[in-house]
Amino acid sequence: MKHFSAQWIEEWCQENGWTDWFMECSRYWAFPPNAVMPVPIPNQVLRTIKAEKGLCFEEKIWCLVAVLGTITAGISAYFLSSPMPLVAAFAFCAVTAARLEDDTLASLSE
């Protein structure tokens, strides 16, 4: 899952003079000013962008689907008198939470 909007990365690159950004192996790379080799966009920069902008569109959609699915499962569990819809909703929410975790930023901070 992408955790950053392409527009956010593009804005930062333009403001700081970096060019030709691209995403490779879940990392964002760009050419710094006067450089001939691309380097990863610094982890601190990505954290700052994420803190300022919040969730991107894809993350918002996953959260919305998880919430709506949980509500639907709750109603279904009540009318069916079965906990299985709630079990399925729990499993889906667990997968969603795992996808929302930004493992690239967590692993790079060490």
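**Notebook: strands, helices and backbone angles**

I began with Asn34, which lies in the loop between β2 and β3 (39-40); I take helices (H or I, at least four residues) and strands (E, at least two) as DSSP runs, numbered from the N terminus. I am working on a predicted model, in which local features need pLDDT of at least 70 and side-chain atom pairs count only at pLDDT 80 or more, while totals for chains, interfaces and linings use all residues. Residues are numbered from 1 along each chain as its sequence is written, and side-chain values use heavy atoms, with hydrogens and water left out.

Asn34 has a positive phi of about 60 degrees although it is not a glycine, and I noted that it is exposed, with a relative accessible area of 84%. For this term I use the following cut-offs: buried is under 20% relative accessible area, exposed is over 50%, and partly exposed is in between, with a 1.4 Å probe and protein chains only. Most residues other than glycine have a negative phi, so I looked for further exceptions.

Asp20, in strand β1, also has a positive phi, of about 50 degrees, without being a glycine, and Asp20 is exposed at 57% relative accessible area.

**The sheet**

I then traced the sheet, which is open and made of three strands in the order β1-β2-β3, with antiparallel pairing; two strands count as paired if DSSP finds at least two bridges between them. β1 and β3 stand at the edges with a single partner strand each, so one side of each is left without a neighbour in the sheet.

Between β1 and β2 I found four bridges, and Phe22 has Trp29 in β2 as its bridge partner. β2 and β3 pair over two bridges; here Trp29 stands opposite Pro40 in β3, and Ala30 stands opposite Val39 in β3.

β1 and β2 form a hairpin with two residues between them, and in the turn Cys25 has a positive phi of about 55 degrees. Ser26 belongs to the loop between β1 (19-24) and β2 (27-31), and at 45% relative accessibility Ser26 counts as partly exposed. I also checked the separation of the C-alpha atoms of Ser26 and Trp62, which is 19 Å, the two residues being 36 apart along the chain.

Which residues of β2 lie on its covered face, and which on its uncovered one? Tyr28 and Ala30 make up the covered face, whereas Arg27, Trp29 and Phe31 make up the uncovered one.

Helix α1 (residues 6-16) lies across β1 and β2 and runs at about 145 degrees to β1; axes are lines fitted to C-alpha atoms, for helices over the stretch in contact, and angles run from 0 to 180 degrees between N-to-C directions. Contact itself means heavy atoms within 4.5 Å.

In helix α2 (residues 43-53) I listed Asn43, Val45, Leu46, Ile49 and Lys50 as buried. Seen down the axis of α2, these residues fall within an arc of 160 degrees, so they line one face of the helix; the arc is that of the directions from the helix axis to the C-beta atoms. The face turned away from the buried side carries the exposed residues Gln44, Ala51 and Glu52. Gly54 follows α2 with a positive phi, near 85 degrees.

In α3, the buried residues are Glu59, Ala66, Ala73 and Ala77, and what covers them includes α2 and α4 (84-100). Last, I noted that Ser81 follows α3 and has a positive phi, near 55 degrees.
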